[in-house]
Amino acid sequence: MSLNGKYATGILLTFVLLAAAMLYSFPVIYSVTGVKAFTAVNFFYTRIALWIVLLFIILYNFFIEKDSFLLWKEKKYPVLFYIKAVVTLYLICVFGGAFLNFIVQVFIHENLSRKIVQIASLFRNNFPLIISICFTAGVVEELLMRGYIQPRIEKIYHNQYLGIFVSAMLFGILHSTYGTIGQVIIPFFIGTVFAVFYKKYSNIKILIICHFMYDFVSMMIMNFIDIKHLSAL
C-alpha cells in the first residue's frame, strides 16, 4: 500500500472509531459495569474511550504509516503570541457561534439538545469531571481532527482548502450525536476557524488550549444557570 493509501486508511479509521466511541461507548459501558444509568462515572468512562481511539491512531501511525504523527512541524512563537492567538480564536468562536445559533433559532426554532441537558445535570458542581471533559476534547479532538486528519487530506489531494473543509465537516458530523442542527453547524464553523489557523500557523498547542478554554467556559456557564429552563425556550 502506498503512503497516501495508508493516510486514507488512517483518516477513515479515525472517523469510524471516533463515531463508534460517541455512539456506542455507553451501551458497551452499561454491559461491562452493569450500571444501566446515565451517571457521571459512566460518562467519564466514555472519555476514556476517546483516549483509547487516540492511542490506537498513534499506534497505527507508528507501525503502519511509519511517519510523523504531526506532518506539519510545530512552529514556536513568543508567549505573547500564544495569549493573543488563544483570546482571538476564542472570541471568534464565541461571537461566530452565537450568531449562527441565533440564525438557527430564527429559522428552525430548535430546542437545546436533550443530551446536553443530561450532561449538564451530571457535571453540576462536579469540577473534576468538567475539567476531564474539556481536557479530553481539547487534546483528543485537536490532535486527531486538525493534527492528524487535516494535513493528510491536503497531502493526498494536494489541496489545502479540501483539508480545511473536510476536517471541519467531519468535526461537525461527529457532533451530530448531540441530536440538533446547531450542534453540527457551530462545530463546523469552529472546526473551519481552527483548521485555517492550523494551516497558517502550524501550532496544535494553541488550538488545544483554545478548545479547552471554549468548552470549559461554556460548561461553567451551564453549571451556574438553569439549563433545563433554557431548553424549554
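**Exercise 1.** In which hand, left or right, does α1 pass α2 in their crossing?

Solution. The model is predicted, so local features need pLDDT of at least 70 and side-chain atom pairs pLDDT 80 or more, while totals for chains, interfaces and linings use all residues. Residues are numbered from 1 along each chain as its sequence is written, and side-chain values use heavy atoms, leaving out hydrogens and water.

Step 1: helices are DSSP runs (H or I, at least four residues), numbered from the N terminus. Helix α1 covers residues 3-33 and helix α2 residues 40-65.

Step 2: their axes come within 9 Å and cross at roughly 155°. Axes are lines fitted to C-alpha atoms over the stretch in contact, with angles from 0 to 180 degrees between N-to-C directions.

Step 3: α1 and α2 are therefore roughly antiparallel (over 145 degrees).

Step 4: the crossing of α1 past α2 is right-handed, meaning that the near helix is turned clockwise from the far one by less than a right angle.

**Exercise 2.** Describe how α3 and α8 cross.

Solution. Step 1: the axes of α3 and helix α8 (residues 204-223) come within 9 Å, crossing at roughly 45°.

Step 1: α3 passes α8 in a right-handed crossing.

**Exercise 3.** How many aromatic pairs does a search of the whole structure find?

Solution. Step 1: the search finds 14, counting rings of Phe, Tyr and Trp (its six-membered ring) with centres within 6.5 Å.

Step 1: Phe-69 sits in the loop between α2 and α3 and Tyr-148 in helix α5 (residues 127-157), so the pair ties together parts 79 residues apart in sequence.

Methods
Helices (H or I, at least four residues) and strands (E, at least two) are DSSP runs, numbered from the N terminus. Angles under 35 degrees count as roughly parallel, over 145 as roughly antiparallel, 65 to 115 as roughly perpendicular and the rest as oblique. Rings of Phe, Tyr and Trp (its six-membered ring) pair if their centres lie within 6.5 Å; planes under 30 degrees apart count as stacked, over 60 as edge-to-face and the rest as tilted.
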